[in-house]
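Please consider the protein shown below.

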Amino acid sequence: ALDAPSQNYGDAATLDLAHNRDGDRNVALIRFDVSALAAVDPADVISAQIRLYAATLQNGGELKVSKRLPSSAWQESAATWNQAAPGAAWPGGSATTGQSLENEFVRVTGRAISFEVGEQLRQWLADPGSNQGIALRGYTAYDNNFARTLLSFAASENANIALRPELIVRLAGCALGGDVNQDQTVDVL
């Protein structure tokens with residue numbers, strides 16, 4: 001969070017995105033361990049989605065969420081606004097100076113929101129060291145919004161397991177155990 005640049009939120013129950021006209025903001029970092037998919041040919045990945053449960057939206061009717069590649073490797077227990085890892089500042093001064101991937105307006109809460117990451121998953125499978133996850137950044141929809149709009153997603157530390165982030169992967173010719181409804185979708189937590 002820009003207002004607490006040395007604070008680490010790696011064990012927080014929510015992933016908070018915030019923004020206002022003056023640039024006060026929070027960025028959320030999310031990364032999945034995809035080592036269970038190491039035997040998967042990246043070409044067999046049809047799609048992959050990060051599914052996050054939108055818990056609350058305060059001080060605004062919507063927040064534009066920008067999905068970006070983080071600007072460097074980071075450590076969950078040490079990443080802050082100022083640093084990616086102990087003694088390692090973010091290149092360019094921010095976790096979100098990496099490539100912009102897409103934007104989505106989030107207007108509702110109490111349900112899951114999904115972000116497509118199939119291209120990124122294929123890259124992570126081809127080169128496991130490239131898995132730096134995704135950085136999410138919020139923007140208010142209107143420049144005249146002086147209030148700090150805050151959107152909170154349930155994090156992996158959330159007490160309710162059913163609300164925690166999921167990586168939903170659809171594979172070509174999937175015949176994996178655990179595909180109960182046989183829709184070729186595998187949930188990786």
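Predicted model: local features only at pLDDT ≥ 70, side-chain atom pairs only at ≥ 80, totals over all residues.

On a 1 Å grid over the protein atoms alone, a pocket is an open set of points where a 1.4 Å probe fits, with protein on both sides within 12 Å along at least five of seven lines, and lining residues have an atom within 4 Å of a point. Residues are numbered from 1 along each chain, and side-chain values use heavy atoms, without hydrogens and water.

The lining of this pocket comprises 33 residues, and Leu 15, Leu 29, Ile 30, Trp 74 and Glu 76 lie nearest its centre. Strand 2 contributes the largest share, five residues; strands (E, at least two residues) are DSSP runs, numbered from the N terminus.

The interior may be considered next. In soluble globular proteins, nonpolar side chains tend to be buried together. Here the largest nonpolar core has 29 residues, and Leu 17 is among those with the most contacts inside it. Such a core is a set of buried Ala, Val, Leu, Ile, Met, Phe, Trp, Tyr and Cys residues joined through side-chain atoms within 4.5 Å, where buried means under 20% relative accessible area (1.4 Å probe, protein chains only). Strand 3 (residues 45-58) gives the most to this core, with five residues.

Gln 132 counts as buried because its relative accessibility is 17%.

Key: Helix = DSSP H or I, 4+ residues; strand = E, 2+ residues; numbered from the N terminus. Buried < 20%, exposed > 50% of the residue type's maximum accessible area, 1.4 Å probe, protein only.
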